[in-house]
Amino acid sequence: MSNFHDVLLKSYLRGLLLSSPHFEFSALSATNRREKGHGPGRRYMCTECKYSTNLKGDYRRHLLTHTGEKPHICLFCSKRFSLKGNLQTHVLLHMRQADDLLGNPN
């Protein structure tokens, strides 16, 4: 494969990733991605088990363990993930595979 085709393929793959609503590399601070419970001693309590937390984001993430929901989908292989971070890690594997196929070391 020519260098021109290599560049086009990598550009296409990256464009596909960046245009996906399920994929985002932005590093959010803990205060931006977690919402504290309101009032002193505010806890989010799971009705299915004994889990509780004062962080709304942690509670929502925990609920996925009971529902089995996997809303984040890999655009390359259609594998599904419950957490966006796990999808991001998985997609990096596809990017490394593309680099290996193209002979581009990282």
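This is a predicted model: local features need pLDDT of at least 70, side-chain atom pairs count only at pLDDT 80 or more; totals for chains, interfaces and linings use all residues.
Residues are numbered from 1 along each chain as its sequence is written, and side-chain values use heavy atoms, with hydrogens and water left out. Local features need pLDDT of at least 70 and side-chain atom pairs count only at pLDDT 80 or more, whereas totals for chains, interfaces and linings use all residues.

Colleague: Which residues does the UniProt annotation "domain: C2H2-type" cover?

Modeller: The annotation comes from an unreviewed UniProt entry. UniProt positions are given in the numbering used here, feature names are shortened, and annotations may be inferred rather than shown by experiment. The record places the domain at residues 44-71 and 72-99.

Colleague: How far apart are the end C-alpha atoms of residues 72-99?

Modeller: Helices (H or I, at least four residues) and strands (E, at least two) are DSSP runs, numbered from the N terminus. On that basis residues 72-99 are 57% helix and 14% strand. The end C-alpha atoms of this span are separated by 24 Å.

Colleague: Which residues of α3 are buried?

Modeller: Buried means under 20% relative accessible area, exposed over 50% and partly exposed in between (1.4 Å probe, protein chains only). The cover over the buried residues of α3 includes β1 (44-45) and β2 (52-53). The buried residues in this helix are Asp58, Tyr59, His62 and Leu64.

Colleague: Is histidine 90 buried or exposed?

Modeller: Histidine 90 lies in helix α4 (residues 84-102). Contact means heavy atoms within 4.5 Å; beyond its neighbours within four places in sequence, histidine 90 touches Cys74, Cys77, Lys79 and Phe81. Because its relative accessibility is 13%, histidine 90 counts as buried.

Colleague: Which residues form the largest nonpolar core?

Modeller: A nonpolar core is a set of buried Ala, Val, Leu, Ile, Met, Phe, Trp, Tyr and Cys residues joined through side-chain atoms within 4.5 Å. The largest one has five residues, namely Cys74, Phe81, Leu87, Val91 and Met95.

Colleague: Which element gives the largest share of this core?

Modeller: An α-helix has 3.6 residues a turn, so residues three or four places apart point the same way. The largest share of the core, three residues, is from α4.
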